[in-house]
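Please read the following briefing alongside the sequence and the coordinates.

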Amino acid sequence: MKKDNFKIFHFIRNWLLDIRHLFKLCLVILIFSFLFHPFVPVQAITNHNYPRIANYFLKWTISDSEASQLARWDLLILDMETQVTSPAQLKKIKQLNPDIVLLAYITPQEILNNAGSSYSSLRRKLAGQIPDSWYLKNSAGNKISVWGGTSMLNVTESCPEVNGQKLNVFLARFVNEQILNTGLWEGIFYDNAWENLTDIAGSDVDADNNGVKDNNLNSTWQTGLKRLYNETKNLSSNKDYLIIGNATTAVYREALNGNMSETFPHGDWVGRMQTYAANEVSNLKPRINIINANTANTAKVSYQDLRFALASTLMGNGYFSFDYGNQDHGQTWLYDEYGVNLGEPIENAKSQNKYIIFKKDVWQRNFSNGLVLVNSSDENKTVSLGGEYEKIHGVQDPAVNNGEIVMQTNLASGDGLLLLKTFSTLNDVLFRNGDFLRFFSAKGDRLRNGFFVFESLYKGGDKVAHVDLDSNGVRDLLVVSGNKLMAWRDDGQLYMKIYPYTVDYKGELRVALGDLNKDGFVEVYVAPSTGYPLPIKIYTRHGRQMKQDWFPYGEKYFGGYSLAVGDLNNGVNSGKDLLVGKASGEPAVSVFDYKYNLTNTWLAFNNRFGVNLASGNVDGVAGDEVIAGAGAGSSPYIRVFNKEGKLLNEFLAYSSLSNPGIEVLTADVNFDGIVDIIGMGSGF
């Protein structure tokens, strides 16, 4: 009996071990499947701001410098050979822009005549597996060519089978095994998704190789391409891979995730736009449709033509591409409009004459941050905007993009315009009610028109911040009024009402907001103004004091402070950085960590008028910069420093008859994803 029990025990033990090993094996397989077949970043597509920009870049190699430039786009169409010649550059692009979508370019309907000896290894491999019977021929048995140096391939459903498969199925296997399975791509871009073969190759085509001209060419062509697209999807290890075509047709919209309309508008704005709209409607998601405009192979950029095509693209949800022309897709040209963030569309496109389909007219579409107009009519138009909008500040066509505030605008025939909504207040910064605000890039370029910021609920001179204090995704309210500090939750509940230096304090409260310890909640940093030898205090949003009173320059110092919170090291240390500046006397900048350890110090200016501080990532490179505004008594100069105190740039905010100095803030005011510099003051 004991012997039987012993056998049973060992049987159960071995069975459990087998189950454990099986579980480990399944886990390893699962991990490897994720590593080698990453999911398509569908979320990344939804993260793409408008305008969404694409680059049709077909060089066979990509340099490091080109990779850095290409990372600025939302979507790239790159030649399949780059996975062989430039894999490091493809990975670099992804590192620089994790939300970017990479599509591998291939021509399924034609191949280079010298592909078999080409330096492109993928083309050599492809050509070596294509028998003569898979070339498209006429009734005389001659290969058909419609593009110099190439021969057409027979992707029709009438193509003869070789080894049990037609060309379209073979191509689908080739794409999956040789391209998509590398894990470098989010999908495939099949060139020339033509609707009708006869429009391209003529009527003398013998698709079934029986020596007789066929009659059902367009039907068998469409059926063949649909099978290619469907087989590509069916054979892929990841069903979320994107499949995009290139032709102005909606015939394949249930087999493709989208289409490119190349050389837009090609004399047919109405037809192109109606097809563009039709391709947005499909059961196959997500939708990625692309409008490609170009210089007609001249390299002479017409900014009006560019705006017209871009604004037309923005009437839908697609991506915009602009390059040299169909003889050369290999440019990294950027335009002023690319840096605009219109936000999300809040309605569909509408026309002045209330057309329900695209026809010649003035069309407009509203976005959360702006408005887009396009005039496809044959006449110049004056368009009433129904409110104030701001033209973007551009350098390429400043006669149009001049930053003007307009309530109506003249729009030429065949032109488009991107406009930003004006604003009279700011979010996510602490501004002084009634001050004049000016907006600059890190280089000192004016980004938007300045204005007096004033909210009638608060007194002039009060400091107001609409900011998310509790990290619930909704902005709360903080107001500094005289010697009193108040904060309210987004639902109106009072967070705090405190007098940091008692009700008898007559100076100004210098306040900064930030999550210095990175606990997910904003702290309130308070310091006295010039003339008061008082400490810096730190409060929670509830008004509870954190840490002890702090005298960074000693208890006898009474020169006042300027405070800012920044992430100078891009999260390398355990917390952010507290910047402390002297508000009078020597313009010292001191950088402290969360534990009040001094990490760096320098003088911001060569005078004795103090300094005003802010911090933000104003250059788009990892890590915040230190922004220094000159103190009162100096001209309104602004300087930008890196974390080491190295001067990166200096500029005069405006010309002044007096020496008012300037306070500085940072926020993204033109919605391009990069923090901008705000100069604040009442002086002129």
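Ile 200 lies in helix 8, where helices (H or I, at least four residues) and strands (E, at least two) are DSSP runs numbered from the N terminus. This is a predicted model, in which local features need pLDDT of at least 70 and side-chain atom pairs count only at pLDDT 80 or more, whereas totals for chains, interfaces and linings use all residues. Residues are numbered from 1 along each chain as its sequence is written, and side-chain values use heavy atoms, with hydrogens and water left out.

**Surface patch**
- Ile 200 has a relative accessibility of 33% and counts as partly exposed, a class that lies between buried (under 20% relative accessible area) and exposed (over 50%), with a 1.4 Å probe and protein chains only.
- Together with Val 146 and Trp 147, Ile 200 forms a nonpolar patch on the surface, with about 250 Å² of accessible area for the three together.
- Patches are made of residues with over 30% relative accessible area and no salt bridge, like charges being joined within 9 Å and nonpolar side chains (Val, Leu, Ile, Met, Phe, Trp, Tyr) within 5 Å; the areas come from the Shrake-Rupley method with a 1.4 Å probe, and for residues only the protein chains shown count as cover.

**Helix 9**
- Helix 9 (residues 217-235) has 19 residues and reaches 26 Å from its first C-alpha to its last, close to the 27 Å expected at 1.5 Å a residue, the expected span being 1.5 Å times one less than the number of residues.
- The buried residues of helix 9 include Leu 217, Trp 221, Leu 225, Leu 228 and Thr 232.
- Among the elements that cover the buried residues of helix 9 are helix 8 (198-201), helix 7 (167-179) and strand 6 (187-190).

**Salt bridges**
- The whole structure holds 22 salt bridges, each defined as a side-chain nitrogen of Lys or Arg within 4 Å of a carboxyl oxygen of Asp or Glu.
- Lys 94 and Glu 186 meet in one of them (3.0 Å, N to O); Lys 94 lies in helix 5 (residues 87-96) and Glu 186 in the loop between helix 7 and strand 6, so the pair ties together parts that are 92 residues apart in sequence.
- Lys 94 is partly exposed, with a relative accessible area of 22%, whereas Glu 186, at 7%, counts as buried.
- The side chains of Asp 415 and Arg 307 also form a salt bridge (3.0 Å, N to O), linking strand 16 (residues 415-421) to helix 11 (residues 303-313) across 108 residues, and both residues are buried.

Notes. Contact = heavy atoms within 4.5 Å.
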